[in-house]
Amino acid sequence: KEETIGKHLVSNFITEEFRDSVQSVLEAALSGKDTANFEFPLFTKHGKRKEILLNATARRGPDGEVTGVIGVGQDITRIREITSE
């Protein structure tokens with residue numbers, strides 16, 4: 001936990017190859033455009049690759065203005081391994 005709290009997700013945990021696209025997904029959600037089923041790799045601190053399915057949704061206040069982003073990442077590594085066999 002301590003290794004991740006307070007650190008920027010994209011610049012610290014996303015590989016350089018996917019930084020721009022993941023950042024774009026999050027920025028789109030901040031502007032009100034939701035993104036579903038965006039896949040990208042994430043590497044554990046031990047270097048193990050995990051396939052992540054990301055959904056990013058704008059969070060809105062009572063006035064309809066975007067107040068933040070709700071991002072849900074699901075580890076789909078095993079699913080990808082099974083479907084590629």
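Visitor: In which helix is Thr 77 found?
Guide: The model is a predicted one. The helix that holds Thr 77 spans residues 77–84. That element is α3.

Visitor: Is Thr 77 buried or exposed?
Guide: The relative accessibility of Thr 77 is 12%. A residue is classed as buried when this value is under 20%.

Visitor: Which residues does Thr 77 touch, not counting residues up to four places away in sequence?
Guide: Contact requires heavy atoms within 4.5 Å. With residues up to four places away in sequence left out, the contacts of Thr 77 are Arg 49, Lys 50 and Glu 51.

Visitor: Which element gives the largest share of the largest nonpolar core?
Guide: The largest nonpolar core has 11 residues in all, among them Val 10, Val 25, Phe 38 and Leu 54. Two or more of its residues come from each of α2 (16–30), β1 and β2 (49–60). The largest share, four residues, is given by α2.

Visitor: Which residues does Val 25 touch, not counting residues up to four places away in sequence?
Guide: Val 25 belongs to the largest nonpolar core. Beyond four places in sequence, Val 25 touches Thr 35, Phe 38, Leu 54 and Ala 56.

Visitor: What is the volume of the largest pocket?
Guide: The lining of this pocket includes Glu 3, Phe 13 and Lys 45. Elements α1 (9–13) and β1 (35–43) each give two or more residues to that lining. By class, the lining has four nonpolar, two polar and two charged residues. The volume of the largest pocket is about 230 Å³.

Note on methods
Residues numbered from 1 in each chain as written. Predicted model: local features only at pLDDT ≥ 70, side-chain atom pairs only at ≥ 80, totals over all residues. Heavy atoms only, no water. 1 Å grid on protein atoms, 1.4 Å probe; cavity = no way out; pocket = protein on both sides within 12 Å on 5 of 7 lines; lining within 4 Å. Points joined across faces, edges and corners; volume = space filled by probe spheres on them. Nonpolar A, V, L, I, M, F, W, Y, C, P; charged D, E, K, R; others polar. Buried < 20%, exposed > 50% of the residue type's maximum accessible area, 1.4 Å probe, protein only. Core = buried A, V, L, I, M, F, W, Y, C linked by side-chain atoms within 4.5 Å.
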